[in-house]
Amino acid sequence: MDRNVELIRITERPKPPRPEEIPLRFSETAVQELDALVSHYPDKKSALLPALWLAQREYGGVLTPEAIAEVALRLERSYAEVEGVATFYTMYNKQQMGKFMLEVCTNLSCMLCGSYRLLEYLEEKLGIRLGETTPDGLFTLTEVECLNNCGDAPVMQVGDVYCRKMSVEKMDALIDQLRGSDEHSVTRLADAIVNIQLSAADKARIASEHE
Amino acid sequence: MAEYKLLTQHIDVPDFYQMQVYESLGGYLGLKKAVEMERQEVIDEIKKSGLRGRGGAGFPAWIKWNGIPKDTSKPHYVICNSDEGEPGTFKDWELMHKAPHQLVEGMIIAGYATLAKAGYIYIRGEYVECAQRVRHAIDQAYEAGYLGKNILGKGFDYDLYVHMGAGSYECGEESALMSSLMGERGQPRLKFPHAPLPTIAGVWNCPTLINNCETLSVAPHVINNGGEWYAQIGASTKNSRGTKLFSVSGHVNKPGNYEIEFGTSLMELIELAGGVSGGALKAIIPGGSSMPILPADQCQDAILGYEELMEKGTMVGSGGCMVLNEHSCIVTFAWRTAEFYAHESCGKCTPCREGTRWMVQILERILQGKGRPEDIELLLEVCDQIDGRSFCALGDAAAWPVRGMIKQFRNEFEYFIEHGKSIVADRPEWQRMAPPKHYERYNPMRYDYTYGIERALAGKG
């Protein structure tokens, strides 16, 4: 299919599912985590960003219309409002990404340190273009704006890890290491972010409720 | 003049992010001293110190601290802005990653001085590694009784939360950050004088103190050593006091964060960072990508200070100092800057949303070798139409660098338009940096609405 037509299809606005139609997929722990996150703010609505991170983890790294509907239901907001927030922020994925998202910074300092050559090298090595996923679903190659580790340029982000001072050799080693890894970088990132927002007391309470 | 290490004094001590090590090196003494003082005395110390906001604007910190109502008819909040997104800046990353307790201590002092109920540290979503350190520090502070109920037996209750962003540069703008904290799209709100100041009606319509991560990290040192002591540092400048972290990156031998006293010269900072690498100096952007560029000849006598750099036509900004050597193409640099702002524009106001896209498209046309002689004037006109007319400072920040680059390096733009290629196009050094030929951003949300969709519908791909 023509690439641009395909892109338009992807960005077509999904139909909001009705609340009664969606199977709720948040696990018991996730619901408790959401309660703990909501308690950090004076109102439920403010927990929308953390809740979307939770949903991204629970739905395997992508905010599907069902995920958005579930967040809307649990926070008592409208589908449109949650969708509006989810589409504003670039770190929420609206489409299924590969198991590992390779996010290469090409902003000013990284550009000066040669990140465009690394991007070309990755495109050639993986056989995909920028924004595409490898056919085996392992790698998605994207370009990001400044990751603010310009002192170690060129920088790239894989899930919750920054890879600094990248070179062709380091890139080869990284790809080999990832191929042998079981982690799912996108959900791993979402999980890390949820855990950062939960205090030690929250985590202890959730653990005790499970016993 | 060498580095003046105040915030970064112990940053290389192993395990400095742990409570024990931090306390053994004088940590939390500032807080213990602060809770013995009257709240107004704490604010007065900040006033004496002459501390100015380190996030970019350089607004005097004490005015914000003092502006919070002295009663608690509404709950008060303190927010730390760690949504560091300015290209070239990585000071907050280092402060949070290596000295998270310093920030936590600053947040508690700010909370005490402003009678706050809770504090929120807004960290950008990508900063997982350092946010984990901050989380760890907060948990340790709760354990040690510096947070929670009845802190240090003074009957002061204060909670600290971490709120993670999700990838939006715009959320570094204070009103957009508050929108984001309230679970909305990160778009700015009406500002003073059209709306009350955040200190009166900020987040959740309550009095809110919002400061940059570095500003809050300074607070323990000001309280510990006294505002007058702090005001002596950098006294050679007009109105900049204390130290500032500059993040030096780009073409230097030793990129990294360097803390210097205000009044140090720009070239000394570059010397600290090991000097220019890969060729002679072409230009420096001293304060992050939003600030106008300084060509090499003007860098020689530039002094780092808010007013001093303003006289040079640029600003301290967030301290993201980017160095370009002689093999860099300014036109491409301008395009990449504009590209960044077009991506990050939140879309709320027309001048910024449309203007940034037009700037990118004009610059892209020049890069493709199809530039027209009138394009330079057109770019300047677009810049004028954005500057001062946008809802928040992002629009200004998009216009200043492009206008600055045209002003300082007009010959390069003219050369590019005339010859259809860069003035440095044939140098191998530049070829290692240049974006690929026929390079196109993949994101369909970017420009396709102006020409891509039509092209796609025509089936031309």
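Trainee: Why is α5(A) described as largely enclosed by the rest of the structure?

Mentor: Burial is judged by relative accessible area with a 1.4 Å probe on protein chains only: buried means under 20%, exposed over 50%, and partly exposed in between. Helices (H or I, at least four residues) and strands (E, at least two) are DSSP runs, numbered from the N terminus. Seven of the 10 residues of α5(A) are buried, so this helix is largely enclosed by the rest of the structure. The buried residues are A:Tyr79, A:Val82, A:Glu83, A:Gly84, A:Val85, A:Ala86 and A:Phe88. They pack against α3 and α4 (65-75) of chain A, where contact means heavy atoms within 4.5 Å.

Trainee: On what basis do such values rest?

Mentor: This is a predicted model, in which local features need pLDDT of at least 70 and side-chain atom pairs count only at pLDDT 80 or more, while totals for chains, interfaces and linings use all residues. Residues are numbered from 1 along each chain as its sequence is written, chains are lettered from A and ligands numbered from 1 in the order in which they are written, and side-chain values use heavy atoms, with hydrogens and water left out.

Trainee: How much area do chain A and chain B bury between them?

Mentor: The size of an interface is often given as the accessible area lost when the parts come together. Here the figure is summed over both parts, with a 1.4 Å probe. Chain A and chain B bury about 5600 Å² between them, 58% of it on carbon and sulfur atoms. In residue terms, 63 residues of chain A are in contact with 80 residues of chain B.

Trainee: How many salt bridges does the rule find across this interface?

Mentor: A salt bridge is a side-chain nitrogen of Lys or Arg within 4 Å of a carboxyl oxygen of Asp or Glu. The rule finds three across the interface of chain A and chain B. One of them joins B:Glu129 to A:Arg164, with the closest N and O atoms 3.5 Å apart.

Trainee: Which salt bridge partner does A:Asp152 have?

Mentor: A:Asp152 pairs with A:Lys165, the closest N and O atoms being 3.9 Å apart. This pair links distant parts of the chain: A:Asp152 is in the loop between β2 and β3 (156-158) of chain A, and A:Lys165 is in the loop between β4 and α8 (168-179) of chain A, 13 residues apart. A:Asp152 is partly exposed at 23% relative accessible area, and A:Lys165 is partly exposed at 49%.

Trainee: Is B:Lys282 buried or exposed, and which residue does it pair with?

Mentor: B:Lys282 is buried, with a relative accessible area of 12%. Its salt bridge is with B:Glu412, the closest N and O atoms being 2.6 Å apart. B:Lys282 lies in strand β7 (residues 281-285) of chain B and B:Glu412 in helix α18 (residues 410-419) of chain B, so the pair ties together parts that are 130 residues apart in sequence. B:Glu412 is buried as well, at 4%.

Trainee: Which residues does B:Ser217 touch?

Mentor: Not counting residues up to four places away in sequence, B:Ser217 touches B:Leu7, B:Leu95, B:Gln102 and B:Leu103. B:Ser217 is found in helix α9 (residues 213-225) of chain B and counts as buried at 0% relative accessibility.

Note on methods: Buried area is the accessible area (1.4 Å probe) that two parts lose on being put together, summed over both.
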